[in-house]
4 protein chains.
Amino acid sequence: MPYSPEDKKRAVMRLRRIKGQAAALERAVEEGTDCKSLLQQIAALRGAANGLMAEVLDSHLRELFGSAKETVAVREARDPDEEIEALMKTLRTYLK
Amino acid sequence: MPYSPEDKKRAVMRLRRIKGQAAALERAVEEGTDCKSLLQQIAALRGAANGLMAEVLDSHLRELFGSAKETVAVREARDPDEEIEALMKTLRTYLK
Amino acid sequence: MPYSPEDKKRAVMRLRRIKGQAAALERAVEEGTDCKSLLQQIAALRGAANGLMAEVLDSHLRELFGSAKETVAVREARDPDEEIEALMKTLRTYLK
Amino acid sequence: MPYSPEDKKRAVMRLRRIKGQAAALERAVEEGTDCKSLLQQIAALRGAANGLMAEVLDSHLRELFGSAKETVAVREARDPDEEIEALMKTLRTYLK
């Protein structure tokens, strides 16, 4: 779960924008828009996905390891080494 | 415009999948799904955007420079150097 | 500092390989090797840099937040929020 | 082969810089420099590899498909579809 209600709202806004970009691209493909413009729009969609990733990653790191009281309490039960392993598994897909 | 009707259909299918992934992620964020799972889903969405990029790029290169007769005729009017410059402008966003 | 002497040794080995790849590429360019082969070699060099990044990142996360005793002691003096901010600053360059 | 002697010289300069960055990183790892600084330096090295990739790719596209006379002559013998396939094979490693 993203760290705060504001984080959550921002993530939802970003996801709606991504859906909108995908829908616009779908129309563009069906209308036969030239590839050059499609490539730019796909690059923008990917940029939006990367921005979302950065934001959720930031929330996740703060939730797991940050100093905020509410999260310090929650994470007592967790094994930090396992959390790091799970996190690295996802990050490695970005480092190929 | 993607190279063939098959290319077009494949691109539309990919875009629908991306929309579905974004919608599923939106629900997941609203339901408070843990960040670990969100990060995996975002990585998958980005992978789908990259797959689409590769496909449209492949179509674009064939359209611009391939040997198929219909595209050879179309591109007579184009300046290949300008096309390359436009293409590199998009590709550079992937090479930062 | 990478987490353990083994980590350190592995990082040094990876860096030597990267130096060797860059030296081989320099010779290849000077000898006029075709671009296709250069592009493959550059992709391999970049893959090696990404592999190193994943490894040092893994060490860093364990050092900062892992359960190993020696690092738990060291990090008492640190502000986890600042560490996360610094880490995200670097990771964002991968998420553009 | 990169497109022109200037392209070649620039590629060699970039590769020397990459070798220098890898050598500096090797020393930094051996001296126990903190991970945060290592991660920044690795990100810079990867940025340099991406910059080189963009440059060689640009040369390659101009060589294969550009309007310059010397390359138009050379490529008569080549199959553009095969060239595109080979190129996409490398680019796909960047689109994973």
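Which residues in α2(A) meet which residues in α4(B)? On the α2(A) side they are K36(A), L39(A), Q40(A) and A43(A), and on the α4(B) side E83(B), A86(B), L87(B) and T90(B). Contact here means heavy atoms within 4.5 Å. Helices are DSSP runs of H or I with at least four residues, strands are runs of E with at least two, and both are numbered from the N terminus.

Before going on, the ground rules. This is a predicted model, in which local features need pLDDT of at least 70, side-chain atom pairs count only at pLDDT 80 or more, and totals for chains, interfaces and linings use all residues. Residues are numbered from 1 along each chain as its sequence is written, chains are lettered from A and ligands numbered from 1 in the order in which they are written, and side-chain values use heavy atoms, with hydrogens and water left out.

Back to that helix pair. α2(A) and α4(B), the latter covering residues 80–92, pack at about 10° with their axes 9 Å apart. Axes are lines fitted to C-alpha atoms, for helices over the stretch in contact, and angles run from 0 to 180 degrees between N-to-C directions. The two helices are therefore roughly parallel; the classes are under 35 degrees for roughly parallel, over 145 for roughly antiparallel, 65 to 115 for roughly perpendicular, and oblique for the rest. The contact residues of α2(A) with α4(B) divide into 4 nonpolar, 2 polar and 2 charged. Nonpolar means Ala, Val, Leu, Ile, Met, Phe, Trp, Tyr, Cys and Pro, charged means Asp, Glu, Lys and Arg, and the others, Gly among them, are polar.

Next, α2(A) against chain C. Helix α2 of chain A, residues 35–65, packs on helix α4 of chain C, residues 80–92, at about 155° with the axes 10 Å apart. That makes α2(A) roughly antiparallel to α4(C).

Now α2(C) and α2(D), both residues 35–65. Their angle is about 165° and their axes are 9 Å apart, so they are roughly antiparallel. α2(C) passes α2(D) in a left-handed crossing, and the contact residues comprise 22 nonpolar, 6 polar and 6 charged.

On symmetry: chain A can be laid on chain B by a turn of 180° and a shift of 0.0 Å along the axis, with an RMSD of 0.0 Å. That is the relation of a two-fold axis. In chain A, the C-alpha nearest the axis belongs to K19(A), at 2.6 Å. Copies are superposed by least squares on C-alpha atoms of residues with pLDDT of at least 70 in both. 100% of the interface residues of chain A are also interface residues in chain B, so the copies meet through the same surface.

Last, aromatics. The whole structure has 2 aromatic pairs over all chains. The ring centres of F65(A) and F65(C) are 4.1 Å apart with planes at 0°, so the pair is stacked. Rings of Phe, Tyr and Trp (its six-membered ring) pair with centres within 6.5 Å; planes under 30 degrees apart are stacked, over 60 edge-to-face, and the rest tilted.

Key. Left-handed = near helix turned anticlockwise from the far one by under 90°.
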